[in-house]
Amino acid sequence: MEVTELKAQIQSHQIQPFHIFAGNEWKVQRVYLEMLAKVSGKELRYIDAFADIYRSLNNRSFVQKSYIYVVRDDKDIMTEEKLQKNLVEILGTNTLVLLLTTLDKRFKFYKTYKDTIIEFEALKPEILHKYIDKEIPLSDENIDKLMEVCEYDYGRCLLEIDKIKHYRNRFVKDIFPNDAFRILLKDGVIYTPPKDAIFDFVDAVLDRKVNTAFNLYQQCMAVGESTMAILTVLYNNVKAVLQVQSCMSSDVGKSTGLNYFQLTNAKKHLNKYSNRMLVQILRLCQQCQQDVVTGRIDEEFVIDYIVTSAFIGD
Amino acid sequence: MIGQSNLIRTIKQQIQEQSFPRFSIFVGESGSEKNEFAKYVATMLGANFVNLADCKVDTIRDMIADAYKIKTPTVYGINDADGMSIQAKNSLLKVTEEPPNKAYFVMTLESVDNTLRTIQSRGAVYRLELYSSDELRACIHDRANMDIILELCSTPGDIEILESYGVTDFCSFVEKVINNIATVGGSNAFKIGQKIRFKDTDEGYDLRLFWKAFVVICFKCNLYDGVRITSRSLAKLRTKTINRAMLFDSWLLDIRQIWR
């Protein structure tokens, strides 16, 4: 089901007894939950598990109040087919909203409730920009920056905006929002997620910048880069440097077969390692790749091992 | 089918005795027509044949769902399963242990080590026979170079690939590499890799065939170090997930080190 359909149902007061919300935009989901509560006149109640209210739902009473129950990732609802069949009957005049943290489209639950699940996808940047602008008077440039550091997640943007407002109200009154934003960003109060650092990491290794290399490697891991991807990039760059460094010909491009970009990049890192050491790094990379795919070693140690060997070699 | 007479006889007998297993694994070198053999098994069984497009976990799951619905005998061909992911292999465990009625599963591999022991234990492993010279001769179109082709190729698939390259061109390339690999500069040596195919989507000569030819020619020229190093690299190719480009570079460095 699309969000627009849900909106239409709410506007026409045709609230379904059972809803399923999925996606990362928890703030938008909360807005719709509040709309459901307002239109239906029922109170929102967050519960840990459906089992907590199952008994009370079965004990019907004329004076019992109806609620909109909100539960996250309830295993009983997601796996018990008998419960799924009788859910609407059990709920009676209550409404149940199931929130899903992850949506696995392979499972039977998804196939059964495909038409009921509403995926709250990330807001489009233009729309997010407008929402942020309504919340706090930041410049366009700072709004774009805020969206970028929050990875275009509306909920996260609101949390960071809350920090700015709090800073202004509690600590430095009369400070302009833009200035507050800049200060908090610089001081790291506004969380900036780690960026794609794989190429910077490889450059640091090739330049023998030990601390920088290991810090950037941590960043790569934080972003979730695969070890094999890092290994492949490292290998290709080391090979390019070796080819350029060992080339005797005046026409390096023709002799090595490297393209302009590879050549330019390789030339920045010449003579930091001897040819012998570069060959050793290549052999290490190949051996480690082979050992990982054959299960002889764990991949989590591979990059540390290769980079340490490279730095202490020669 | 070319060759495989003993294997075909064995399978026919098993089918007659109604003892042909529901899950079987056919192991053979690249180019040994394993996938064709899987189709042939379906013909012998009088069953439909469904060739899986790939060995990804979603495809395997769809196959399993389909296998429980079929009404006529069907052979499912899980081809070239060497690079199958762990999740895909695990999803096969239940259905291969208790296969649904009327479903047969045939998996083809280059090396039985490329699959889980738990999968091996659930199926009957059949190794494709080596081809005799007469059987290979029947596949050769380029009669002028028959002797060279028979020296370099051990399977009909290899013959097909080699003939598509042009036997003379291919052998000239390998000889040129042997003659120059140790004498050219390091940066030039790596350029040999540009003529070799490391992935299915690349262009160039098949790496396995190149190394096979390298071994044969080195042997003829008494370059036994070359034979040793290349044979070792050839054996590593059986691990499907190995990075072929890196392996080739490593081989190149080893050969240059020995021959310089």
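Across which strands of chain B does helix 1 (residues 5-16) lie? Helix 1 of chain B lies across strand 1 (23-27) and strand 5 of that chain, running at about 150° to strand 5 of chain B. Helices (H or I, at least four residues) and strands (E, at least two) are DSSP runs, numbered from the N terminus. Axes are lines fitted to C-alpha atoms, for helices over the stretch in contact, and angles run from 0 to 180 degrees between N-to-C directions. The model is predicted: local features need pLDDT of at least 70 and side-chain atom pairs count only at pLDDT 80 or more, while totals for chains, interfaces and linings use all residues. Residues are numbered from 1 along each chain as its sequence is written, chains are lettered from A and ligands numbered from 1 in the order in which they are written, and side-chain values use heavy atoms, with hydrogens and water left out.

Chain B contains 13 helices and seven strands. Of its 260 residues, 52% count as buried (under 20% relative accessible area, with exposed over 50% and partly exposed in between; 1.4 Å probe, protein chains only). Among the contacts in chain B (heavy atoms within 4.5 Å) with a separation of 6 or more, 72% come from residues 24 or more positions apart.

Five strands of chain B form an open sheet in the order 2-3-4-1-5, with parallel pairing; two strands pair if DSSP finds at least two bridges between them. Strand 2 (48-51) and strand 5 (124-127) of chain B stand at the edges with a single partner strand each, so one side of each has no neighbour in the sheet. From one strand to the next, the twist averages 25°. Strand 3 (residues 74-78) and strand 4 (residues 103-109) of chain B pair in the parallel sense over five bridges, and Gly77(B) stands opposite Val106(B) in strand 4 of chain B. Helix 3 (residues 57-67) of chain B lies across strand 3 and strand 4 of chain B, at about 170° to strand 3 of chain B.

Rings of Phe, Tyr and Trp (its six-membered ring) pair if their centres lie within 6.5 Å; planes under 30 degrees apart count as stacked, over 60 as edge-to-face and the rest as tilted. The ring centres of Phe173(B) and Tyr205(B) are 4.9 Å apart and the planes at 35°, so this pair is tilted. Phe173(B) belongs to helix 9 (residues 167-180) of chain B and Tyr205(B) to strand 7 (residues 205-206) of chain B, so the pair ties together parts 32 residues apart in sequence. Phe173(B) and Tyr205(B) are buried, and ring pairs link them into a cluster whose members include Tyr165(B), Phe210(B) and Trp259(B).

In chain A, the buried residues of helix 1 (residues 3-11) include Leu6(A), Gln9(A) and Ile10(A). Seen down the axis of helix 1 of chain A, the buried residues fall within an arc of 100°, so they line one face of the helix; the arc is that of the directions from the helix axis to the C-beta atoms. These buried residues pack against strand 1 (18-22), helix 2 (26-40) and strand 5 (117-119) of chain A. The face turned away from the buried side of helix 1 of chain A carries the exposed residues Thr4(A) and Gln11(A).
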